[in-house]
Amino acid sequence: MNLPILPTISTTFIVLSAVLVAIGWYFISQKKIETHKKFMLSAAVAAVIFFTIYASRTIFIGNTSFGGPDSIKIYYTIFLIFHITLATVGAIMGIYTIYLGLKNKLERHRKFGPVTSIIWFFTAITGVAVYLLLYVFYHGGETTSMIKAILGH
């Protein structure tokens, strides 16, 4: 199996981010606040690395279309929209939750943190599913650069 390098790396970073969130969650349950903070900030860094790779690839190389059977393409598209929505909500909530923690607004941080974490876990899981559908279970479809699409090439 010949897996594409950038999607594989970016997917690895989103999974790493979710694992770090889970570890951070464990440490806060043990009242180890500084260790919790380090893991959660590390999770954020992993998510930023994912996003940087993903956005760069989208702009300069392009996105890969679904290459599986037409009979399930609509289900893939609905699933992808669900994943993108989760990822967007999770990222916004993640930034806000980190802000609350760093500003010591702990009551709100405690309310948002668990919800944000759960959304992030589902984002990672659905992200892996998208990766598997695009590159492992089926051969990826056409890849077109956003810049090429804008310029009409």
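Student: Let's start with T116: does it count as buried or exposed?
Tutor: T116 counts as buried because its relative accessibility is 7%. The cut-offs are under 20% relative accessible area for buried, over 50% for exposed and partly exposed in between, with a 1.4 Å probe and protein chains only.

Student: What am I looking at, experiment or prediction?
Tutor: This is a predicted model, so local features need pLDDT of at least 70 and side-chain atom pairs count only at pLDDT 80 or more, while totals for chains, interfaces and linings use all residues. Residues are numbered from 1 along each chain as its sequence is written, and side-chain values use heavy atoms, with hydrogens and water left out.

Student: OK, back to T116. Which helix is it in?
Tutor: T116 sits in helix α4. Helices (H or I, at least four residues) and strands (E, at least two) are DSSP runs, numbered from the N terminus.

Student: And what does the side chain of T116 make a polar contact with?
Tutor: With the side chain of T97, at 2.9 Å. A polar contact is a pair of N or O atoms within 3.5 Å; within protein, one must be able to donate a hydrogen and the other to accept it, and residues adjacent in sequence count only if both atoms are side-chain atoms.

Student: Where does T97 lie?
Tutor: T97 is part of helix α3, residues 70-102. T97 also counts as buried, because its relative accessibility is 7%. A polar atom of its side chain lies 2.7 Å from the backbone oxygen of M93.

Student: Setting aside neighbours within four places in sequence, which residues is T97 in contact with?
Tutor: H109, F112, G113 and T116, where contact means heavy atoms within 4.5 Å. With that exclusion applied to T116 too, T116 is in contact with G90, M93, G94 and T97.

Student: Which residues of α2 are buried?
Tutor: H36, M40, A43, A46, A47, F50, I53, R57 and T58.

Student: Switching topic: which residues make up the largest nonpolar core?
Tutor: There are 12 residues in all: I14, A18, L20, V21, M40, A43, A46, A47, F50, W120, F121 and A124. α1 (5-29), α2 (33-60) and α4 (106-136) each supply at least two residues of this core, and α2 gives the most, with 5 residues. A nonpolar core is a set of buried Ala, Val, Leu, Ile, Met, Phe, Trp, Tyr and Cys residues joined through side-chain atoms within 4.5 Å.

Student: Pick M40. What is it in contact with, beyond four places in sequence?
Tutor: L20, V21, G24, W25 and S117. There is also a second, separate core of 6 residues, including F66, Y76, Y131 and Y135.

Student: What about loops? Where does K31 lie?
Tutor: K31 is in the loop between α1 and α2. Its phi is near 65°, a positive value in a residue other than glycine. K31 counts as exposed because its relative accessibility is 69%. N104 lies in the loop between α3 and α4 and has a positive phi of about 65° although it is not a glycine. At 59% relative accessibility, N104 counts as exposed.

Student: How many helices and strands does the protein chain have?
Tutor: 5 helices and 2 strands, running α-α-β-α-α-β-α from the N terminus on.

Student: Last one: where in the protein chain is confidence lowest?
Tutor: In helix α5 (residues 146-151), at a mean of 62, whereas α1 is highest, at 97. The mean pLDDT of the protein chain is 92, and 94% of its residues reach 70 or more. pLDDT is the predictor's confidence in each residue, from 0 to 100. Where pLDDT is low, the predicted coordinates should not be read in detail.
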